Amino acid sequence: MASSQHDDLVDLRSDTVTAPTEGMRAAMARAEVGDDVYAEDPTCRALEERVAGMLGKEAALFTATGSLANLLGVRALVSPGSEVLCESRAHIARAELGAHAAIFGVTTRTWAHPRGLIDLDAVHSLLAPDAGPYFVSTAAVSIENTHNFGGGSVQPLDSMRKLREIVAPVGVGVHLDGARLWNASAATGITPGEYAEFADTASVCLSKGLGAPVGSLVAGTAAQIEEARVWRKRLGGGWRQAGVLAAAGLYALDHHVQRVTEDHAHARLLAERLAQTAPGIVDPATAETNIVVLDLAAAGVGPDAGEVASRAREAGVLVSVLGPRALRLVTHLDVDEAGCRRAADVLAAALS
Ligand SMILES: *Cc1c(COP(=O)(O)O)cnc(C)c1O
């Protein structure tokens with residue numbers, strides 16, 4: 001199925017740009033449906049049960065977006081006026097338009113890590129579970145795996161285990177933003193359930209590397225998810241015959257999970273080619289999954305990120321500008337190895 005873009009365009013802005021395949025569209029067309037607000041959509045139920053099982057949680061809720069899944073997952077752990085700790089470039093802190101604060105009164109403090117990883121010492125010093133009548137109390141820590149703006153980095157399982165050991169005894173929860181948990185799992189062989197074991201609530205996306213047009217889930221205890229269902233409806237996120245979308249998600253879980261390793265190989269290829277052209281722009285060893293962040297300053301590249309992106313666009317390659325001196329490339333289902341080789345050539349020229 002052709003995407004809306006012209007044929008030879010290589011779109012590396014995000015793994016959200018994929019169009020559903022013929023097989024996925026056929027599965028959507030066949031989906032059995034019912035009214036999901038009445039909890040009568042069998043395909044939504046099947047998807048929720050399957051993902052809850054994969055994450056080792058009692059229940060899961062299908063949502064339109066990963067932002068909504070994170071909003072509901074954090075809300076389950078943090079009451080208004082309390083805080084969630086996270087890394088400084090976490091999606092919940094940077095890319096959800098302040099929803100956690102604007103809607104649920106959640107405040108945030110952050111630690112910074114160049115790759116977005118857990119810093120146990122920083123968590124130790126930030127953690128304030130019972131801060132009394134003056135300071136904000138910490139109710140949860142949120143971890144992103146893989147970390148998007150950290151360059152698709154994988155959180156070490158041992159750090160997640162230790163984090164849980166630090167926070168659980170003082171009554172602080174852990175939310176796992178697992179929009180790309182499939183990628184982490186493919187890179188390490190550690191199952192999504194093994195990662196989610198060290199979190200109370202966890203979100204996953206179907207519309208990133210897995211190629212579904214829409215959809216995420218949030219998982220947790222039966223009680224948390226029952227309440228999340230109420231809040232989803234209250235926020236206007238109840239939906240009716242959503243089984244057509246859940247069918248795309250089930251199809252993605254059947255057919256598109258294993259293949260993310262191809263995206264990882266393509267990201268590695270891009271990182272290696274660009275590191276040769278512009279030494280310092282990226283360490284290929286850090287291209288662990290499907291995201292490559294380019295540091296133009298470290299490589300002493302002349303033009304700024306916006307200029308490089310517009311030169312690349314003229315040559316049919318789309319990339320994201322993360323900042324004045326940073327670009328992001330994301331590989332996915334709709335770019336093949338030849339496309340990545342062409343993108344590497346175009347970017348090499350655009351950087352000089
Ligand atoms: C994309 C993404 C989300 C969710 O994004 P939506 O666009 O709301 O679906 C959440 N967390 C991370 C790390 C992401 O990359």
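A crossing of two helices is left-handed if the near helix is turned anticlockwise from the far one by less than a right angle, and right-handed if clockwise. I worked on a predicted model, where local features need pLDDT of at least 70, side-chain atom pairs count only at pLDDT 80 or more, and totals for chains, interfaces and linings use all residues. Residues are numbered from 1 along each chain as its sequence is written, and side-chain values use heavy atoms, with hydrogens and water left out.

**Entry 1: α13 and α14.** I took helices as DSSP runs (H or I, at least four residues), numbered from the N terminus. Helix α13 (residues 305-314) packs against helix α14 (residues 337-351) at about 135°, and their axes lie 9 Å apart. Axes are lines fitted to C-alpha atoms over the stretch in contact, and angles run from 0 to 180 degrees between N-to-C directions. α13 is therefore oblique to α14; angles under 35 degrees count as roughly parallel, over 145 as roughly antiparallel, 65 to 115 as roughly perpendicular and the rest as oblique. I recorded the crossing of α13 and α14 as right-handed. For contact (heavy atoms within 4.5 Å), I listed Val308, Arg311 and Ala312 of α13 with Val346, Leu347, Ala350 and Leu351 of α14.

**Entry 2: α1 and α11.** I next looked up helix α1 (residues 22-30), whose axis comes within 8 Å of that of α11, crossing at roughly 135°. This makes α1 oblique to α11. The crossing of α1 and α11 is right-handed. Gly23, Met24, Ala27 and Met28 of α1 meet six listed partners in α11, among them Val244 and Tyr251.

**Entry 3: leucine 47.** Beyond its neighbours within four places in sequence, I found leucine 47 in contact with Phe62, Leu206, Leu217, Ala246, Gly249, Leu250 and Leu253.

Notes:
Helices (H or I, at least four residues) and strands (E, at least two) are DSSP runs, numbered from the N terminus.
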